[in-house]
Structures are given as structure tokens and as C-alpha cells.
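Please read the following report alongside the sequence and the coordinates.

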Amino acid sequence: MTNSTPSTGLKAPKLRLGIRDGSDDGWGYAPAPESTDHVELRDRYGLFIDGDFTDAADGRTFETANPATEEKIADVALAGDADVDRAVAAARRAYDEVWSQLAPRERGKYVYRIARVLQERGRELAITESLDGGKPIRESRDVDIPLAAAHFFYYAGWADKLDYAFPGRGARALGVAGQVIPWNFPLLMAAWKIAPAIAAGNTVVLKPAETTPLTALKLAEIIRDAGVPPGVVNIVTGAGETGAAVVQHEDVDKVAFTGSTEVGKLIRRALAGSDKHYTLELGGKAANLVFEDAAVDQAVEGIVNGIFFNQGHVCCAGSRLLVQESVADEVISKLKDRMETLIVGDPLDKNTDIGAINSRAQLDKIEEYLEIGEAEGAEPFQTSCPVPERGYWCRPTLFLQASQSHRVVQEEIFGPVLAVQTFRTVDEGIAMANNTPYGLSGGVWSDKGAKAFRVTSRIRAGVLWANTYNKFDPTAPFGGYKESGIGREGGLAGLHAYLRPEAAA
Amino acid sequence: MQMSPATASFESPPIDTVGVEERVARLCSRSIKKDAKLQALHLTLSMIDLTTLEGADSEGKVRQLCAKALQLHAALPDLPHVAAVCVYPALVGVAKRALEGSGINVASVATSFPAGQAPIEIKLLEVRKAVEAGADEVDMVISRGRCLAGDFAYSADEIASVKEACGEAHLKVILETGELGTLDAVRRASDLAMRSGADFIKTSTGKIKPAATMPVVLVMLEAIRDHYLRTGEKIGMKPAGGISTAKDAIRHLVMVRETLGQDWLDPDLYRFGASSLANDVLRQIVKQRSGIYQSFDDFSL
Amino acid sequence: MSEQRPAAAADRLPVLKTHKVYVGGKFPRSESGRLDRALAPDGTPIANICRCSRKDVRDAVTAARAAQAGWAARTAYNRGQILYRIAEMLEGRSGQFEALLAAGGTTPDQAAAEVQTATDRLLHYAGWTDKFQQVFSSVNPVATSHFNFSILEPMGLVGVLAPESPLLGLVSSIAPAIAGGNTTVVLVTGSQPLPATTFGEVLNSSDVPGGVVNILTGRRDEMLAPLAAHRDVDALLLCSPDPGIARSAEIEAVHNLKRVAVRPHDDWKNIQSPYEITDLQEVKTTWHPIGS
């Protein structure tokens, strides 16, 4: 791919913005790798069932690797049906005999303890997350781990306040929750699932993603060390089959799944006619609309945060840029300049902006879309940042001149690839934003408050960011409209997902 | 007052404060180590305008400052020299003589620094006197009151007149951002100054807090970048006030590097207005080279 | 039912009523031209009703979609007034509905009570239109400098499988859906369809915009699957005690991940709460910086 010619209307020679090791002969940042001293990783990890780590019943294991080096980190137990049965039974027993009998205040104290230890062990967890999943240490350190701790802290406080969850009603826990999480925010997703569930009085069986099991297993250690009664949280590692066994288990009262829309539909189908509760957080193809009256530099920053955060492995990523015609040249030109300053490489380097693609399979999928986009006639742009030789990498990429009918506009790529389109009127922008089966999120950039709120109210999506993007908070409900999912996580709505209302308290 | 062409029909883009603060926080998360750090420290020294702007300034104090400018640290003779010495007009001659032949510029504040509350005729006379006395650079203050009142034409004309009075001397325009209140006003004043003839735009007098905060500097750098992209003209930047540590300076350099690019990492286009920054940078350089932390008393005032 | 019976006075032949469906604010017949008989409890045919087809379902969805944005954009106050107006109209026609219920086998006392409860229920939800948002939305105290709030928005187009309860159940399922800004396609497949077709007339005379409520009569096995599978339907409200019915509709609903609420009640007397409204609402969270 080649850089396109500079936009018209700009007279000056290009700014010299490439940073890494002075790639344009200027002052460059030397490597600043985070030290991995004191991070203990074992060669072998077991399943966390009923308060203990054990091998799978049939002894099977799988490998988890570092996507930045392609080197194996550890062997991890592969849970089969028998192990899932055992985990669900432990969760049921813990629910019946311990957790549902405990005073809510005491339950909350356990959850607070987890939050505290997450904070204490933050550095170790951040490094582990970056090693196992490839995300830059800046993000695992500043976003994933602190937010995970914040979720436990927030929901801990709800434990003894459930009578206030449903106005006019009482509230009761659902029972055993079966939870399956993806590889893009391994520990954070575990926190989103476990914290509200156990604070509300449920017990859980959680299955982390196959490529990123380690921080969830470290969380298991933390939960054990915090003295949480055995069986309240069970963590079973494995791939799709293990996940299917968890969500389809007949003794599970609640299913919580975050992952692809395709798998979400299979799960939903399997739940048809049952009285199980469920929340599904699925895919997205969010539009990020930039209007002509936007604060352009902050909008460019928001575009970058929207699509290049976590290598674009984000269900709510702003993967479609819709920019108003009159500012399109300026915005795209500035976006390209800003992209030149993004450093791709070693996830453990504190200066890395874009880490490793999570797996070979995901890189293959992204590269397939890069070919599709070109074949469809969109105009590709990639930055010139050097990338390491080993490992899975993708430079930040734009598809300019993309069309609504292009697959790179319609389909979720889950990588650092942004489809760029223009619009003329506010209504046209809204129509393009909504012209998708997804409805998870959206972004609006305008200095005019009235317009921003008009647009956010007309986009059919569960999370709208006006003049910001990719912000998350434990108090803020998150979840999709349409095929992006059912139900919410976070905030009071996220608590409801683990409770049933009863007759007045 | 006649409408200046510089202000005829232009609009500065809106600025979102929270977005700017987030960008700054991200820039501050860059980690500069080893060779990159040493390189940055040397660069910082070469960009310093060693400054004294006190009522009590004396010829002796200015001569001492000039000596420091010429030789920052006797133990490290290979260091770069600073960019300029910045003084009041009355002391320009002293500084000029002390620095003769060194390649170090003399900068003079003028236009009734720091408040700028004087008739335009007096301000222009002060500028001419400073230049006559040998000032290579003039640091003027804008009439913030007029700017805040929306009288941009007045400010534009004032800057243009001062520029004319400067002759060959470079003009730095001090916005005194601490009195402008919002980032929108900072952006507007930056655009106004550049369009009216500023060679440099400068944050502050050093007499008002807050001074050169990172969000303010980022907004000014973005204004410089946009001016460059539109006109091809490279305007310089001088944060002044509040930058006292090597760590602060390196953060500024990162911000310049990622906003304007390598070309601006040059004393011709970037300066630090500072009095105590040099010694902290020296301390860091000695530490990088020797591995031992120094006392501030190891460095001359 | 009185209009089908021989006239009491020999000198006058009664005018018989044709029960048509209610779609887009109009009263068309089924495009299929097919009819079913509405029967009295003893099996006597008492009226002809339309046996709607999958095309009728499609047309009703089109009408409901066309009306949705406008209905949701009405002020809560206005929607409340319109629901109140429905109650007024129903009150005014209480005798007619009592007769219809009685013809279906309800005792006169029960019929009178049911019409009154249905009227009061409309009033109840009329009052909620401008209150549920206040009770159930939130301002979220996020840890960054952002104003963050979560509000409820209507799911959009709700497909309703109407309950067997011919008037109270019908009203109790439709009212919370439209109170919250949804539009509806209502499938009437129970043994007593006549109160539903007549309720369409009440709606039509109550300032309810055309397309907000669309009422189709016919057979569940012909209409439910196409409605449940229709990708332009956002949610289903399945009022049936039969888990098999819910299951098959839920499987069809997976096509576009419709939200599904199941109401297995036979007795609708106490099914009245704001949660009936919120079950058909999405939560939307909006972030905006707080700066200068």
C-alpha cells in the first residue's frame, strides 16, 4: 500500500512526524520496555473449580502464546463437559449453601477485597495482560486493570442495596450464571461479568477466551486469596466447545456472553423457550460522525481513539468514519498526520500505541479484509511505521472513498482498519450511521450542543459518545441495540441483568 | 480604527478542553529514556532563553546571567549554549556587550511589559529603543483586555505596528494565556498574532499564573501547525513560566515532536522561557553521564 | 351477538357489521380475501372476521414502521393525552364492549368489570408516559470529566401476540407498548376476536396516529412466524401460556435478535406496572465532555 497524495488546498511540505527510533532522521524515542521482573508466570495452569486449581478430568491442555513473539507462555487445562459439570455443580452448591445465605453486607466485603487486591497487583496484571494478549502496556496499565478494579469496587457497594434496584419491587439473585468472555479485554471482561453477578448474590462459572486465559486465572488466585468461599467463582478454560458447554448447561440460570454476533445468535437460539435469563454483548460497526463545526484536532484524536485503541479489537470501535464533506480534506489529512505518530510494536514498550494482533487467526482475518477493501475499490492508506519481524502486526489503516455497499463498511473487521466516507447533510449522516444491522455505539463530533444531542438521540445504538469516544465506566450502562446484543452491562442496568424483581420489598 | 486585513474574515476552530487535556495526558505518558533522554536534555539547553525580569535587576546580575549563558557548567565544556538572554530594555546594552560574538541572542521584553497598559506610541518607542540598544529579539505583550473584549482589529494592528518597529529583530508575541481564560481564546489570540506578523508566539510573561500549561501549549502548537499547513510559514513557539524541571521540558519536546514534527525541534523555532530550568537539566545530564545525582549547589546560579 | 340475531321488531332488519382489520389508520379487508367465523361459546357463528395472510403481516409492519419515528417523537405529554383519549372513547362505548364480551360468554357483571378495568388501565398508562423516564433513567457519576446519562428509548416496532383475554389482556399488552413510544402489529388469534376489531375503531377515533397500532385477525400458525422472523420488527411481546409457542417464535426472532418478552398470564387483572413499559425500552447511554 502507498501513501496517497496530500489533500488539496494545503501548500506546505509534509510535517516530519515519524517517531520510532528517528525514522525520519529526527529525535526518536529509545525503546522503553516495562520490566517483567517479579511477574511470576507458571508453565502450567489448571481449572479453578470449587476453590482449587485442578487439571481437566481427561488431562487435556492447550497452549497460550505471546502474539508479539509467537512464543508459548504456558500450558492451560482444557475443560471438557465433565469439568464444566463439576464447575456448575460447585457453583450451585455454593449458591444454595453459602452465598445466598450470607448477609449482603458480608458478600459485599468479599467483592471489595477483590477490588483492592486487583489494585495492589495492578502492575503484574497489566504486564501479564500485555504478554498474553498483545495489547500495549499503556492501555493495560491505564485502562484495563484500573477499570477492572473499579467494576468490583462499584458493584461491591450494591450488595447490600438491592432493595433499591427496582423501584417498587424487591430483588432476588438469579442463581448460577454461566459466562463466556472474549480475548480483547480479558481481565476487564471478567470483571464486567463476575463483579455484578456475585455482588447481586449469584455464583458464576466463567470461561475466558482461548488465547487470553492468564489474567482470568490470576484473578482466580486473587479470589481464592481473598477468601471468597469455594464455588462462588469458578473459571474453566478452553475454546468454543467449553464455552458451549457452559452456556448450554441445564443447571445454569443466567447466561452472559460477550463475543461475535454469529455465536450470540447460536446461543440465543439454544435459549429459546427456556426461562433462563441472558445478556449478549455482540459485534458492532459504529459510525463516528464528524461535523463541520467540530473541534477538529480533538475529533481527530477521537477518531484515533475510536479505531486504533486496542488494535481495533473493540466491539464498540468507531470503525466507520463519516465526515462532513466541507471538512473532509482537512480531517483526513490531519488524521493521516496523526497516524504517522502512532508507534506499532512491542506491547511491553511504554511508548507503543498499537500492539500485536491477538492471534494468527485474527491477523489472517484482518488481512483478508485489507484485500477485500482494495478489491472493492476503496483507497487504502497505511502509515510507514516499522513493525517487528516476528509476531502478528497490522499497521493502522484507512480505506478512503469507501461506500455503504462495501464489505469493509458493512462487516466487523475487529482490527485497526477504518472505513472513511463523507456525507453532506445532518440527515444523510444519521441515515448512513443507522444503515447497519448493528447498533452498539456511535460517535458525534460537533461544537454545537443542540446538534450533538439531536444526532445522539437519532442514532439507534446503546452507547453514544459526543465529542469523545471509547470511554468506559462502571457506573455507565453499556450494550447494544439491534444485532449488537441484548441487555446492558455496567451501572444499575448491569445490575438488573443479574437480578429478578419480586413483589414489593 | 481601521479593520486590519489580518482579521478580516477568519474564524478560529473551536477547542474542546477535555479533549485537549486527554491528548496532553497521553503525550505525557511517553517514556523517554537513555540516549533519547540525553539528546532531549541537550536540545533543551540550546532552546533556553535565560531570563531575568525583576525590578531589582542590575547590570551585575545581567552580566552574571550572560556568563552563565556562555558557560553553563564548567565541568561539562561540550554542552550547547543557550539560545538567548532575555532582559528588560534598559539592560539590553549590558547583555549585548557581554554576549558579543557568542552567537547567543539578546531578547528584550517591550510594549510596557508585563501589563501592556500604555499608549501605543510609548510602546513603539520602547520597541525602537530596545532594538537600537542591540536586541535581536523583542518579546511584546498583547492587549489582553482588547482581545477579551472582542476588539481583535485593535490587537492585530498593534502587533503589526510593533512588528514594523522591530525592523530586523524577531518578534515574539506574548499572549498571557493565564489572563485569556479559555482555550478558545488562546487559539484565537494565537491565530491573530501569527496573521499579524509574529515570528514566535509565547504563552506568558511569567508574572501571572497559570502560565505555560501543557493544554495551552498544545493548542498554540496546533495553531502554528494549521498556520504552516495553510501558508507554508513556520512560526516559532515559546512556552514561558512554570517549566522548571527537565521532566517538564522533555514532555514539551514530545508534544512538539508529535504535533509539529522534527523541524520545530530547533532553537530557531522553539524556546523555553525559564530561569531555573537550566540547572535542573544540567543536573539530569550529569546524572545520565555519571550515574550520580547532584546537589543544586553544584551548579552556578 | 345482537346484530346477527333476528330483529326484535319484525318491521326492521338489523344492519350487520363487517369486522375488518385495522392497519395504518384504515380498516381494510385481508388482501387474501379469506374469512373465518367468529363463534359464540356454543359454536354458533356470530360474525365473519378477516383471516389475514403473511402479506397482511408485511403490510402491517410497513405501516407500523412508517409511524414509529413520528410516534416516538411525540412529546410524552402528548402521548399521555392520546392514551387518555382512548380511555375516554372506551368509556363512551362501554355498553358495546360489554355486549361483545357477553356474547363471548362473559357474565354481564364480569363484562362490566372488565371494561372498567380496561378503561382504568389505559388511564394508568396514560399517566406513566411522562413519568417512567424520570423513574428509570439515570445520571451516571463517571470518573472522568463527562456528563453521562442513560435514558430509555422505545425498542421501536413491537410485534404483539395478543392474549386470549379479549379486551383487558389486549389493552394491557398494547397500552404499555405505545405509552413508551413503540408502534405495534397486534395479532389477534384468540377465540374472541370481536372486541379487538372493535377496539381498532376506538383507537381510530382517539387521535392515535395511523400505524401506531395495527390489529390483524387470523390464525396464529399463519401469522406469527412471518411476524417473528420479519427483520424490520424490533421486539416481540408474546402473550401466551404455551411455552411451545414462545419457543418457536423466539427461534424465528433470532434472525435479527429481536427482544422478546413473554407474558404467560391467563388473568390480566393485576398485570399493571411500569415494568410493562420498561420491558419494551432500550437503555441508551450518552457521554459528553464537561469543559469550557
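A residue is buried if 20 or more other C-beta atoms lie within 10 Å of its own. The model is predicted. By this cut-off, 56% of the 301 residues of chain B count as buried.

Chain B contains twelve helices and eight strands. Its radius of gyration is 19 Å, which agrees with the value near 19 Å for a compact globule of 301 residues. The C-alpha trace of chain B spans about 60 × 45 × 30 Å along its principal axes. Of the contacts in chain B between residues at least 6 apart in sequence, 75% join residues at least 24 apart.

Chain B is touched by chain C: five residues of chain C are in contact with five residues of chain B. On the chain C side, these residues are two nonpolar and three polar, with no charged ones.

Within chain C, helix 3 (residues 94–103) packs on helix 4 (residues 108–128) with the axes 9 Å apart and at an angle of about 130°. The two helices of chain C, helix 3 and helix 4, are therefore oblique to each other. The crossing of helix 3 of chain C past helix 4 of chain C is right-handed. The residues that make the contact are listed below.

| Helix of chain C | Residues in the contact |
|---|---|
| Helix 3 | C:Ser94, C:Phe97, C:Glu98, C:Leu101, C:Ala102 |
| Helix 4 | C:Pro108, C:Ala111, C:Ala112, C:Glu114, C:Val115 |

By class, this contact has seven nonpolar, one polar and two charged residues.

In chain A, helix 7 (residues 240–247) has buried residues A:Thr242, A:Gly243, A:Ala245, A:Val246 and A:Val247. The buried residues of helix 7 of chain A pack against helix 1, strand 7, strand 8, strand 10 and helix 8 of chain A.

Technical notes. Residues numbered from 1 in each chain as written. Chains lettered and ligands numbered in written order. Predicted model: local features only at pLDDT ≥ 70, side-chain atom pairs only at ≥ 80, totals over all residues. Helix = DSSP H or I, 4+ residues; strand = E, 2+ residues; numbered from the N terminus. Rg over C-alpha atoms; globule rule 2.2 N^0.38 Å. Buried ≥ 20, exposed ≤ 12 C-beta atoms within 10 Å, placed from the backbone. Contact = placed C-beta atoms within 7 Å. Nonpolar A, V, L, I, M, F, W, Y, C, P; charged D, E, K, R; others polar. Axes fitted to C-alpha atoms, helices over the stretch in contact; angles between N-to-C directions. Parallel < 35°, antiparallel > 145°, perpendicular 65-115°, else oblique. Left-handed = near helix turned anticlockwise from the far one by under 90°.
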